[in-house]
Amino acid sequence: RSLVVSLFFKAFLAISRKLCDAGIMPKDSLSEKDRSGADTFHTPVLRSAQLFERVSSEQNTCDPIGRPKIHSSALKQATGEAIYTDDIPRMDGEAYLSLVLSTKARAKIIKLDASKALALPGVHAFFSHKDLTKHENEVGPVFHDEHVFADEEVHCVGQVVGAIVADNKALAQRAARLVQVEYEGLSPVIVSIEQAIEHKSYFPDSPRYITKGNVQEAFAVADHVYEGSCRMGGQEHFYLETHAAVAIPRDSDELELFCSTQHPSEIQKLVSHVTGLPSHRVVCRAKRLGGGFGGKESRGILTALPVALAAYRLRRPVRCMLDRDEDMIITGTRHPFLFKYKVGFTNEGLITACDIECYTNAGWSMDLSFSVLDRAMLHFENCYRIPNVRVGGWICKTNLASNTAFRGFGGPQGMFAGEHIIRDVARIVGRDVVDVMRRNFYKEGDITHYSQKLERFPIERCLQDCLEQSRYEEKRAQIAQFNSENRWRKRGIALVPTKYGIAFGVMHLNQGGALINIYADGSVLLSHGGVEIGQGLNIKMIQCAARALGIPIELIHISETSTDKVPNTSPTAASVGSDLDGMAVLDACQKLNNRLAPNKELLPNGTWKEWVNKAYFDRISLSATGFYAIPGIGYHPETNPNARTYSYYTNGVGVSVVEIDCLTGDHQVLSTDIVMDIGSSINPAIDIGQIEGAF
């Protein structure tokens, strides 16, 4: 109602302004402050500038490291020639799989009848939990608390109940709608964090706590103590390519999968679990993904497992690519969070203590929620030193699709709480928020609430650079003037610093592998454990190999990521892909360089091709594997107190100016400046693309 009235008023302002300008109404009948209320937003002409550290031209011009190199498949993607999972040509005898989904949030399945669907010509099979043993049907990325097909009960709308296999997509989807599922509703149905708190619906191990110092003593002597709360909702991944999988049986006991996944090794492992085939008979391949953002780290199993099972049982190729609506119903989102905090601080705005409770909505299964909550608890203080801390974390179990990894993995949610706290403190002590930020920033040598010493911490420099680059003070003055002159349109400016820890929270995932094959013509085929999701990982790995081998990048090619080239890989996630796989590539290159060294000494003026050819004729192996594990991490207060939690941190500061239309809530970002410290960039073009894309 409020919006309708506002729109009427907006129309009144627009008409009045026209009548004033035409001289029909007196000019002063509409005040200057009100005139802009009639305006609507129009997309401005985009202007942008990217600044990065330039590699000096005196250095080796063949060395590609630090230079802006084009994404390996950028031209193919721009012309539409790049092949994604569903672009693989149809095979002889191929069938299509369509999923039957739950329509209830929490219910018992009383009847499951596919007879009408199976009666359609061209429909070949229906799969449900009856086609698997209880053990085979139980799956999950860490805890096997999910099902390939719902067994007796459904826990959310969009849970997979069964799968229809038919000649083509249209027929399979039509048949899936004919499968009869009868439910008996169960209660309570829990959707929100508040409902979960009310019903004490938590996963085991909730709550968990991290403490440092003594918050109660600090509160007792603080000048101010304030209690507040903030919340952050979910977010849909909206990768351009939805989940997809193609499975092809090879011989009677081998399966090959093409899958849009960030974690091919996990798909291999769980397909092995569901079909009963050992892992060495299952190959999972991923050439490129049309985006992932974490949504394809663990959720790829929702399509890959039914497709693999159907292909294995029916002995024919089977394919499935979700429609957008199916993808959004079936897969989870970013984890919503609710934070309740109590903060103690001095009259100057120096924070002395914080007691914070973090509640996250995990959905119906655990998935990776325990790890997301951990990262939120470790990032809640963001860039600010708080000497006395108590952080509690609760994983709420609700009747929603299981929420999953999403860019930042709990870090942004935690930092969101920290930024709320710093603004509360600034407001209460009546100081400028940037001054309060600076007063509370960590310094080099400070120790976090999880006992990690900050060895390098350039946040002050990032902040200063960003303030200068964005002309922060000048813009603030302009905004104050604009707001005083316009009643219905207002502008604001926000500054946010960040600190993000680089490493997987689960110790064993911090490893990477690579395989390099050099052929007799001097060309190099590189395979590594990471997946090209569009983020430019492949070109970075090619750059690493080119520098290490001392050859041009044109001689190196990466075909795909495949479990039969590099085994037991970690997911491409957590911003560690280029760290893990790049170091593994260097390890493999070092082995090859050592083998080629005698030839280089014999032929000091020879070419790369001549050295390789000589090695081949001398029967020297031109294939090498590489491996890397991040050293010095895996902190645990009791068992490993001297280790670090994170390998290092990346820091950044962003400043945005936003204008809002107070009548309609419409808004527009007018300008943004971002300064990121990412060390020495391997490829500035790719890194700037990642930073801008993330923003």
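Residues are numbered from 1 along each chain as its sequence is written. Because the model is predicted, local features need pLDDT of at least 70 and side-chain atom pairs count only at pLDDT 80 or more, while totals for chains, interfaces and linings use all residues; side-chain values use heavy atoms, with hydrogens and water left out.

**The sheet**

Let's start with an open sheet of 3 strands, in the order β18-β24-β25, with antiparallel pairing. Here helices (H or I, at least four residues) and strands (E, at least two) are DSSP runs numbered from the N terminus, and two strands pair if DSSP finds at least two bridges between them. At the edges sit β18 (489-502) and β25 (667-677), each pairing on one side only. From one strand to the next, the twist averages 15°. β18 and β24 (residues 648-661) run antiparallel and are joined by 14 bridges. Helix α15 (residues 459-470) packs on this sheet and touches β18, β24 and β25, where contact means heavy atoms within 4.5 Å. The direction of α15 makes about 30° with that of β24; axes are lines fitted to C-alpha atoms, for helices over the stretch in contact, and angles run from 0 to 180 degrees between N-to-C directions.

**Two crossing helices**

Next up are α18 (residues 577-602) and α19 (residues 608-617), whose axes come within 9 Å and cross at roughly 115°. On the α18 side, the contact is made by Leu596, Asn599, Lys600 and Leu602, and on the α19 side by Trp608, Trp611, Val612, Lys614 and Ala615.

**Domains**

The domain assignment gives domain 1 (1-38), domain 2 (95-187 + 248-329) and domain 3 (511-629); such bounds come from an automatic or database domain assignment. Between domain 1 and domain 2, the C-alpha centres lie 57 Å apart.

Most residues other than glycine have a negative phi, and most peptide bonds are trans.

| Cis peptide bond | Omega |
|---|---|
| Ser187 to Pro188 | near 0° |
| Ser206 to Pro207 | near -5° |

Pro188 lies in the loop between β8 (180-185) and α7 (193-198), and Pro207 in the loop between α7 and β9 (208-212).

Lys200, also in the loop between α7 and β9, has a positive phi near 50°. Asp367 has a positive phi too, near 45°, and lies in the loop between β16 (351-363) and α12 (369-379). Are these two buried or exposed? Lys200 is exposed, with a relative accessible area of 66%, whereas Asp367 is buried at 1%. Buried means under 20% relative accessible area, exposed over 50%, and partly exposed in between (1.4 Å probe, protein chains only).
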